[in-house]
Amino acid sequence: MRRIIAFVLCFCLTLLSIPGAAWADDRAKEEFTRNYIYLLDHSLKMQNSLLKNLINNTVNMSVRAKLTDGSVELADVTTVSNVDGEANVDLAFNLKEKKASLKFDGDIASYDLKGKVYVTEDGVIVTREAVEAFRKMGIDALGELDEFNELPSYIVFQEDVNTKELEELDEVLEQQDKLISDKDEEMKTFIKELINVIPASCFRYSGKYAVLDLDMSVFSSAVLLNNLKENSEKLVDAFLALMEKPEDVSDEEYELLKEQMKFEIVNAIDSVSISDVQDFMAQLNDEKPISINKFQIKTSRTEVVADIDLSGKFEEISYVLKGESKAELTAGALKGYANLDFKLDSPDITIDLNMVEDEKMNDKEIQAELTVKGDMDIDDNIIGGNVKMDLDMDFTDNATIVIPNLNEENSLVIDNRIKVSPAESGAVYPFLEGIENNGNIRVFVYGEEVDFPDAKPIIREGRTLLPLRALADVLDCEIAWQPPDKVILKDKYGESEDMLLIIGSREYQMGDEVEVMDVAPVIIDNRTYVPVRFIAENFGFTVDWHKDTRSVILDW
């Protein structure tokens, strides 16, 4: 397993080092690195400023879109062709205040559509014009309004706000902001070490550019492997410097953890031989999950120009990605251009698209022109056409969100809130609505109830225990018994370490570590029962408890 990880690491590390008549030597490699780091530094500062504005300001976004030669051919032979249309959308939102306003108008397939939508913590407010537009477009989510002959100016849909998801979004944005703000030097150091692994023979000069050329042969070269081994400690140190210490781990424990990770990764790399790498690459060449037909990155002090041609196949799925792109730093702004062709062929989906983007951004604004043309076939439903969009995003807090004043005369309230009490974690699960407490313990996985035809879940020492076989099926685990009293749970996909349990004992083994759980596995009526929360969480699941319905909720 370690060797496979090291092989993948050899392959991935080089790809990760690439940012978004000639001769080769270390000078070209050094200049490529300097150019890349210089542009990365400016890009990180710009991203950091935009991210702070996104978190703290009211953002205004305007989209102007035009559709030409649109066509739809459904599996039932229904066909619509030569569809043209235009649409304008103006959106203002404030993530901190959790509110937004949206105005749209357009002419699509001869339908004149317009309206406004407002989002607040209390619900979604839709204007009468917007409801009529949705009905014209065949959106049946508003069917509950059919019973009203006349609608007031505003319809208020009171919805349950998923506070957990909003909190997770806030946390992700804050973490990204912290990463860019506090770890920018560490990121640049990590990228330098990654690029340092690539052989100097892959770099050259061409005019004003320092150029990186990659092909599949690079990954099976002895020079790449030697560079990786020689620089493995610096590379791992740079990677570990990017990590954030978990709040529940002490400084001493965290240092020990990093030392252990460094030891294992460096040893894994050192254990790889050139013949191992060549065998692995030969297997890749046979299976062809990825082929690098062309991969060229050119850098100057102010530009990054890329030219790529990738293809590959996974079982019955094949793909091709070709494109050219350019990023240029000019007077405090970053200008970008990309022309990409993407093809995907699978039993259920076929995609053939071309995308051209022209973009300019600074720390306050993003302007972009995007053109997409081609067609998609999804389960024999074919959609095609050409779409051109103009996008303008202003992060300077100039926009104002004005929520209309509502009263009984100008509004109608539709209460869609779920009448379900929150679970132990505070989350509300819609699929529990209408579920009654019949005294039995229920188990839901991804919102679907698990059936227990024979042995039922039980509670022992204040903990919920499930039949081992049923839980293993839920977790996608295989069971291996070691008589007389040991059982091993194996993750079918190899994403988690094996767990060894001992019947009647609270001790268990996860990988090489021996730990203690709070309730022991037991055998009752010839059935083995194990603690659901403890085992499921060790295999990456989240576990929640809903007291009112006596329900265990598992999710990934």
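A charge sits over a ring if NZ of Lys or CZ of Arg is within 6 Å of the ring centre and within 35 degrees of the ring normal. I started with that rule and looked for a case. R301 lies over the face of Y38, at 3.8 Å from the ring centre. I note here that the model is predicted.

**Entry: the whole chain**

I looked up the overall figures next. The protein chain has 556 residues, and 39% of them count as buried. Its secondary structure comes to 11 helices and 29 strands. Along the principal axes, the C-alpha trace spans about 80 × 70 × 50 Å.

Then I went to the pair β20 and β27. β20 covers residues 463-467 and β27 covers residues 527-531. Three bridges join these antiparallel strands. I followed L466 across and found V530 as its bridge partner in β27.

**Entry: aromatic rings**

I counted aromatic pairs: the structure holds seven. A pair of aromatic rings is described by the distance of the centres and the angle of the planes.

I took F314 and Y319 to begin with. Why is the pair stacked? Their ring centres are 6.1 Å apart with the planes at 20°, and planes under 30 degrees apart count as stacked. I looked up the exposure of both residues. F314 has a relative accessible area of 46%, so F314 is partly exposed. Y319 has 17% relative accessibility and counts as buried, because the cut-off for buried is under 20%.

Y508 and F534 were my next stop. This pair is edge-to-face, with 5.0 Å centre to centre and 80° between the planes. The two residues are 26 residues apart, and the pair links distant parts of the chain. Y508 sits in strand β24 (residues 507-510), while F534 sits in helix α11 (residues 532-538). Y508 is buried, at a relative accessible area of 8%.

I also noted one aromatic cluster, formed by Y429, F431 and F444.

**Entry: helices α7 and α8**

Two packed helices are described by the angle between their axes and the distance between the axes. I looked up both values for α7 (residues 232-241) and α8 (residues 251-270). The angle is about 145°, and the axes are 10 Å apart. The crossing of α7 past α8 is right-handed.

Which residues make the contact? On the α7 side I listed S232, E233, V236, D237, F239 and L240. On the α8 side the residues include Y254, M261, I265, V266, I269 and D270.

I finished on S232, which is found in α7. Is S232 buried or exposed? S232 is buried, with a relative accessible area of 2%. Leaving aside neighbours within four places in sequence, S232 is in contact with V266, I269 and D270.

How values were computed. Residues numbered from 1 in each chain as written. Predicted model: local features only at pLDDT ≥ 70, side-chain atom pairs only at ≥ 80, totals over all residues. Heavy atoms only, no water. Pairing = 2+ DSSP bridges. Helix = DSSP H or I, 4+ residues; strand = E, 2+ residues; numbered from the N terminus. Phe/Tyr/Trp six-rings, centres within 6.5 Å; stacked < 30°, edge-to-face > 60°. Buried < 20%, exposed > 50% of the residue type's maximum accessible area, 1.4 Å probe, protein only. Axes fitted to C-alpha atoms, helices over the stretch in contact; angles between N-to-C directions. Left-handed = near helix turned anticlockwise from the far one by under 90°. Contact = heavy atoms within 4.5 Å.
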